[in-house]
Amino acid sequence: MTATAPASERTVRVLIVGSGFAGIGAAIMLRARGIGDLVILERAASLGGTWRDNRYPSCACDVESVLYSFSFAPNPDWSRTFAGSAEIHRYLERVATEQEVLPHLRFDETVQEAHWDEEAQRWIVQSTSGPWHAEHLIVATGALSDAVRPDIPGLDTFGGPCFHTAQWDASVPLDGKRVAIIGTGASAIQVIPAIQPRVGQLLVAQRTPAWVLPRHDRAIPAWRRALYRRVPRLQGLARLLQYLRHEVLFLPFRHRWLRRVAARLLGRHLIRQVRDPALRTRLTPRYDIGCKRLLLSDDYYPAMTQPNVTLVDQTITQITPTGFVTADGTTHPVDVLILATGFRPTDPPLAPFIRGRDGRSLADGWRGSPTAYMGTTVTGFPNLALLNGPNTGLGHSSVLMMFEAQFDHLNGLFDLLALSGAQTAEPTPEAQARYTSWIDEGHRSTVWQRGGCQSWYLDRTGRNSTLWPYGVGRFRRMIGQVDPEAYRLAGLAEHRD
Ligand code: NAP
């Protein structure tokens, strides 16, 4: 279908926005239940979401690949314990091809606005190519998709190359240059060791030292890959063990005494890798372990000890055409500026532009603090599903398992609609309010709320609206079964599964 297709061709049963893991996975789930009348709108020219966009040197997943893959599409060929972004991207493309999702994709189509038409019982979705009409709308735009540039005075005046890690410009020469990187989060600690040997000088601007733990990344030997190919159950077992390990590792996020033990054990990584006591002090985190996202790296600290690396832990007060100035008045000349300043998952970019039954947008209802029943459906927004929605993020394991649990919930909802003969489903306000209170209660004792740090997990109201506060198993058990009492069903359906 082209961008000028007639309106009738632009009416579909399910419209998915975004073609990362969540959008592709949802399409596979829908096709498996016989729903082929679906379209995926993707604003870029190819599929892949964050793994298509993040191509900075050494970009990789910090969850073991055996777990960071769909349960229904195991990959015996992962080359490393923690595969790189290009390999993950190839995996997703392969799965999408094998599962025949590609014909459903429409590239270079940005969704601008969507509203529920109560009379037609349809979503009307405006994209850059015109309107689409859909019975169901699934928003799979990801939490880490829109890069955030720091709010530092003078940033736009910088005269040299300047780019965000999520928009890496490989054409910019770094060899021998004086390069500054702002931020020391998950992206920065992967970039720093990768570029340190090439650049002349590397200035690392750190605002808050992070907890960095050993990663133990290894190449997966050919014999093991062959074994996984021959005996897929063995890889299934390896996946199960990783899953259980991560579930156990979750416990310190809820229990303070376990955090104390973990901090003592894991703090040795810094002591072992940084001998200089002054540098070690400056790299030592001053908040509870786990409060901000835990970082995994075997080579970040060693890179920070190299003679061409300078840790800048004074606040940057001004960026100038030739560098930056810090609070102590020091001027730092720089050739290239790299922004490793992350994303803002608490303000989903489409939220102001998705309007429900009463014409109000998601953002209007959320007022800075996103909520959704089971992190997936929203009262007042019939037949809308948010994948990776509020409180479905994880600080300790593979988010793909959360997506799969959401797919199960959607499957259950489609079953409910088919059985009842109804056309639309949305959670009751009571069910959503009860669920949200329960989530907030669950967060009360977590490190994210009490660990003494400012993190992107917390929204501007101070509430944790990004993370699920328990183990993954609990989410899967809770959301896997749809409670019909929690949903308001309406209308008479034209379709039957
Ligand atoms: P991030 O974790 O949000 O880190 C942003 C960094 O920029 C922080 O160190 C932050 O300091 C700093 N910063 C922001 N504004 C600043 C300012 N005005 N001045 C100085 N420093 C500033 O972003 P990210 O590293 O891109 O990672 C985001 C998320 O993406 C991760 O948590 C993870 O979920 C995902 N990710 C995963 C991987 C992986 O799988 N390996 C890799 C990359 C990203 P403060 O700490 O003081 O705020």
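**Close-up views of a predicted model**

**View 1. Gln-318 is found in strand S13, which spans residues 316-320.** The model is predicted. At 33% relative accessibility, Gln-318 is classed as partly exposed, because this class lies between the under 20% of buried residues and the over 50% of exposed ones. Once neighbours within four places in sequence are set aside, the contacts of Gln-318 are Ile-152, Pro-153, Gly-154, Phe-324 and Val-325. Arg-215 stands 103 residues from Gln-318 along the chain, and the C-alpha atoms of the two are separated by 35 Å.

**View 2. Asn-54 sits in the loop between helix H2 (50-53) and helix H3 (85-98).** The relative accessible area of Asn-54 is 7%, so this residue is buried. Beyond the neighbours within four places in sequence, Asn-54 is in contact with Cys-59 and Ser-85, and also with Thr-165, Ala-166 and Phe-343.

**View 3. Ala-194 lies in helix H4, residues 186-195.** With a relative accessibility of 24%, Ala-194 counts as partly exposed. Ala-194 touches Pro-57 and Ser-58 when residues up to four places away in sequence are not counted.

**View 4. His-216 has a positive phi of about 55 degrees, although it is not a glycine.** Most residues other than glycine have a negative phi. The loop that holds His-216 runs between strand S10 (212-213) and helix H5 (222-230).

**View 5. Arg-367 has a positive phi of about 45 degrees and is likewise not a glycine.** Arg-367 is placed in the loop between helix H12 (362-366) and strand S18 (384-386). Its relative accessible area is 67%, so Arg-367 is exposed.

**View 6. The domain assignment gives domain 1 (7-144 + 346-490) and domain 2 (155-210 + 253-339).** The C-alpha centres of domain 1 and domain 2 are 32 Å apart. Where the two domains meet, 26 residues of domain 1 are in contact with 21 residues of domain 2.

**View 7. The protein as a whole, for orientation, has 16 helices and 20 strands.** Its radius of gyration is 23 Å, close to the 23 Å that the globule rule gives for 497 residues, so the protein is as compact as a globular protein of that length. Along the principal axes, the C-alpha atoms fill a box of roughly 70 × 50 × 45 Å. Buried residues account for 55% of the 497 residues. Of the contacts between residues at least 6 apart in sequence, 73% join residues at least 24 apart. The protein exposes about 21,700 Å², and carbon and sulfur atoms supply 53% of that area. The protein carries 54 positive and 47 negative charges, and the mean positions of the two sets are 9 Å apart.

Conventions
Residues numbered from 1 in each chain as written. Predicted model: local features only at pLDDT ≥ 70, side-chain atom pairs only at ≥ 80, totals over all residues. Heavy atoms only, no water. Helix = DSSP H or I, 4+ residues; strand = E, 2+ residues; numbered from the N terminus. Rg over C-alpha atoms; globule rule 2.2 N^0.38 Å. Buried < 20%, exposed > 50% of the residue type's maximum accessible area, 1.4 Å probe, protein only. Contact = heavy atoms within 4.5 Å. Areas by Shrake-Rupley, 256 points an atom, 1.4 Å probe, with all protein chains shown as cover. Lys, Arg positive; Asp, Glu negative; His and termini not counted. Charge placed at Lys NZ, Arg CZ, Asp CG, Glu CD. Domains from an automatic or database assignment.
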